Amino acid sequence: ASMIPLNDLNDDTVEYFEKGVPLRDALDFVQDNLTGVDAISYELSSGEPGGINDPAFLAQVEAFAAWWREQPRTTHVLSFTDIIKKLNRNMHGDDPAWYRIPEERELAAQYVLLYELSLPQGLDLNTLVNFDQSAVRFVASVKNLPSRELIELDERAQAWLAGHAPAITAGPGTGVSMIFAHLSQSNIYSMMKGALVSAILISLTMILSLRSLKFGLVSLIPNLLPAAIAYGIWGLLVGQVNLAVAAVFSVSSGIVIDDTIHFLSKYLRARRLDGKSPADAVRYSFSTTGTALFVNTAVLCLGFMVLTVSHFTVNSSLGTMTALIIVIALFFDLFFLPALLLKVDTDNPQGKPS
């Protein structure tokens with residue numbers, strides 16, 4: 001369980017599919033040979049109609065593009081300033097020295113008009129420039145990144161804009177890649193918070209249902225430690241908690257708690273109603289629930305292990321972790337919980353647990 005910090009709360013949608021799956025192979029080919037599968041889009045606004053023709057605005061957009069090209073994971077940058085610079089060079093006899101932003105606003109506006117008029121029929125600048133020409137679209141393509149690194153890269157880009165481009169107003173990065181990155185991270189952290197809340201509610205429920213603070217707290221150990229141990233093992237072997245792994249605690253907690261409740265309820269019945277000693281109450285629990293716990297665990301474990309053969313890692317991770325937690329929980333209920341009960345529960349002639 002102490003190995004839990006080795007886990008990284010992160011997700012990678014490309015790695016959802018194993019190598020050999022046609023979709024994964026296609027994505028890997030795009031990543032290795034083309035521009036990559038992730039892209040971050042920005043709307044860079046000048047704040048005024050026609051403001052995209054302002055040389056100061058264009059210069060800052062160009063500086064933003066230069067910053068992106070310096071990032072090690074960047075594969076391509078689509079910037080409106082590249083078109084303006086090419087037109088400026090073309091209008092000066094293709095002299096490389098003129099591959100730069102025009103110094104006059106009117107000249108930049110003429111270049112934009114010239115470019116729009118030269119487009120084939122049915123095409124316009126709507127994919128790069130908004131209707132009143134107050135903002136331009138900016139797209140940075142990057143090599144495949146896990147969700148957290150993609151969000152951090154976008155945050156660095158926004159910080160650069162805030163500190164170096166006062167003429168530009170821009171919101172956070174958008175696009176399909178950013179949607180899935182934020183969705184994944186939000187779900188992972190929500191699942192982990194939900195697991196903490198559910199553990200607290202489970203504790204209160206067990207205390208009330210068992211009518212004992214001591215036994216309610218004792219029940220937490222076989223309920224929570226199996227999941228903690230499983231996540232520690234996962235940290236040693238894999239080290240990345242994705243959306244599926246984050247949801248495992250919620251999926252498995254009900255199964256684990258059921259086994260503990262069955263064992264404890266029989267134990268308390270033997271102690272409170274039959275007046276048995278702690279050792280005899282443990283034997284009674286084994287005789288009435290032991291076989292059922294073993295069969296229930298075997299059936300559920302085999303059922304979840306079917307998911308481990310899936311080529312979709314979300315399913316295989318869910319099946320592997322859930323089966324692991326269920327098996328560990330069985331060992332806790334059969335070996336650790338009885339010993340714990342004998343340790344904390346004292347014998348008394350009235351047969352009532354202290």
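**Salt bridges and helix packing**

Mentor: The count comes to nine salt bridges, taking a salt bridge as a side-chain nitrogen of Lys or Arg within 4 Å of a carboxyl oxygen of Asp or Glu. Keep in mind that this is a predicted model, where local features need pLDDT of at least 70 and side-chain atom pairs count only at pLDDT 80 or more, while totals for chains, interfaces and linings use all residues. Residues are numbered from 1 along each chain as its sequence is written, and side-chain values use heavy atoms, with hydrogens and water left out. The idea behind the rule is simple: side chains of opposite charge can pair when their charged atoms come close.

Start with Arg105 and Glu48, whose closest N and O atoms are 3.6 Å apart. Arg105 sits in helix H4 (residues 105-118) and Glu48 in the loop between strand E2 (38-45) and helix H2 (55-70), so this bridge ties together parts that lie 57 residues apart in sequence. The labels come from DSSP runs numbered from the N terminus, with helices (H or I) of at least four residues and strands (E) of at least two. Arg105 is partly exposed at 31% relative accessibility, and Glu48 is partly exposed too, at 34%. Here buried means under 20% relative accessible area, exposed means over 50%, and partly exposed is in between (1.4 Å probe, protein chains only).

Glu48 has another neighbour to look at: Gln133. Gln133 is in the loop between H4 and strand E4 (135-142), and is partly exposed with a relative accessible area of 22%. Leaving out residues up to four places away in sequence, Gln133 touches Glu48, Pro49, Gly50, Gly51, Ile52, Asn53, Val112 and Glu116, contact meaning heavy atoms within 4.5 Å. In contrast, Tyr189 is 56 residues from Gln133 in sequence and 40 Å away in space, C-alpha to C-alpha.

Now go to Lys85 and Glu62, a salt bridge with its closest N and O atoms 2.6 Å apart. This pair links distant parts of the chain, with Lys85 in helix H3 (residues 80-90) and Glu62 in helix H2, 23 residues apart. Lys85 is buried at 8% relative accessible area, and Glu62 is buried at 17%.

Asp280 is partly exposed at 37%, whereas Arg283 counts as exposed at 53%. There is also a network of salt bridges that links Asp8, Arg148 and Glu152.

On to the packing. H2, the helix that holds Glu62, packs against helix H5 (residues 147-164) at an angle of about 145°, with the axes 11 Å apart. Axes are lines fitted to C-alpha atoms, for helices over the stretch in contact, and angles run from 0 to 180 degrees between N-to-C directions. The H2 and H5 crossing is right-handed; that is, the near helix is turned clockwise from the far one by less than a right angle, and left-handed would be anticlockwise. From H2, Gln60, Ala63, Phe64, Trp67 and Trp68 meet Leu153, Arg156, Ala157, Trp160, Leu161 and His164 of H5. By class, that contact has eight nonpolar residues, two polar and one charged. Ala, Val, Leu, Ile, Met, Phe, Trp, Tyr, Cys and Pro count as nonpolar, Asp, Glu, Lys and Arg as charged, and the others, Gly among them, as polar.

Helix H6 (residues 176-210) and helix H7 (residues 213-237) pack at about 135°, their axes 8 Å apart. That makes H6 oblique to H7: under 35 degrees is roughly parallel, over 145 roughly antiparallel, 65 to 115 roughly perpendicular, and the rest oblique. H6 and H7 also cross in a right-handed way, and their contact has 10 nonpolar, four polar and no charged residues.

H7 meets H9 as well, the axes coming within 10 Å and crossing at roughly 145°. The contact of H7 with H9 divides into 12 nonpolar, three polar and no charged residues. Ser252 lies in H9 (residues 248-272) and is buried, at 1% relative accessible area. Not counting residues up to four places away in sequence, Ser252 touches Thr322 and Ile325.
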